[in-house]
Amino acid sequence: MYHSCCCPHRGDLCGRPEFCATNLWIYGDADHDAGFTRFEKDPSRPFPVLFISFPSAKDPTFAERYPGRSTIEVVAPIPYGMFDRWADTAWKRRGAEYNEHKQTLTARLQKELERNVPATCGKIEAAEISTPLSTRHFANYQNGEIYGASCVPARFRARVFGARTPFRNLFLTGQDACTLGVSGALFGGVITASAILRRNLMGVVSRPGG
Ligand SMILES: Cc1cc2nc3c(=O)[nH]c(=O)nc-3n(C[C@H](O)[C@H](O)[C@H](O)COP(=O)(O)OP(=O)(O)OC[C@H]3O[C@@H](n4cnc5c(N)ncnc54)[C@H](O)[C@@H]3O)c2cc1C
């Protein structure tokens, strides 16, 4: 197992009654591409990466409001093809087989959580899972791709990604105007505002108090 995190606590209880704010990135193989390729061919194999975080630990008032409780997020990749057959079904009405599939995935993720963060064993009171179809339903990403277009070199060379479009006064923004993730989407906003105002705002937002 390859753990990558930004504090030394590895997500165990840090001698405190709540989980710490560390994000855990857990890889089963140092060769990430090989891990993903193996998993895509056979999704019953171990997840190639797991992201585990403790949102409640990042909320300074959570412990006060909900003493002795925590929230945990576990994110793992899954091929959209596994859900294709339910693509034409409606949210919450996808049928018993889909629900069973979700239960199986929930159990797999919970097992991984308990293995990597033993302090959670026997402590999970409620678990809820979303699938690529959930992301498609709520955010309109056609294949449930939570990070938008693939971040491969071709993407950064393609002119279609960016704030400007061939249409006058039509601008794009968010992660596909810059790069993936919340911070990528935020900077996508800066790039778009710069394009609209015809002024480079990067210096403004990177100035302390800017
Ligand atoms: C479960 C999950 C966990 C995540 N965890 C992290 C994390 O820890 N760190 C991180 O950096 N990123 C994380 N992400 C990714 C992050 O949420 C995205 O990178 C980010 O939200 C992209 O921002 P955006 O503004 O480009 O697009 P979005 O936030 O997807 O916003 C696009 C909006 O447009 C709306 N929309 C789509 N189509 C239409 C339409 N036709 N008409 C009108 N509205 C439309 C959607 O409903 C949505 O509200 C996570 C995503 C998910 C799903």
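Y147 is found in the loop that runs between helix 4 and helix 5 (153-157), where helices are DSSP runs of H or I with at least four residues and strands are runs of E with at least two, numbered from the N terminus. This is a predicted model, in which local features need pLDDT of at least 70 and side-chain atom pairs count only at pLDDT 80 or more, while totals for chains, interfaces and linings use all residues. Residues are numbered from 1 along each chain as its sequence is written, and side-chain values use heavy atoms, with hydrogens and water left out.

With a relative accessibility of 40%, Y147 counts as partly exposed (buried means under 20% relative accessible area, exposed over 50%, and partly exposed in between, with a 1.4 Å probe and protein chains only).

The second largest pocket holds about 280 Å³ of space, a pocket being an open set of points on a 1 Å grid over the protein atoms alone, where a 1.4 Å probe fits, with protein on both sides within 12 Å along at least five of seven lines, and lining residues having an atom within 4 Å of a point. Of its 13 lining residues, W91, K92, K102, I129 and S134 are the closest to the centre.

K92 belongs to the loop between strand 4 (73-75) and helix 3, has a positive phi near 70 degrees although it is a residue other than glycine, and is exposed at 70% relative accessible area. N169, in the loop between helix 5 and helix 6 (181-197), is not a glycine and has a positive phi of about 65 degrees; its relative accessibility of 64% makes N169 exposed.

Key. Points joined across faces, edges and corners; volume = space filled by probe spheres on them.
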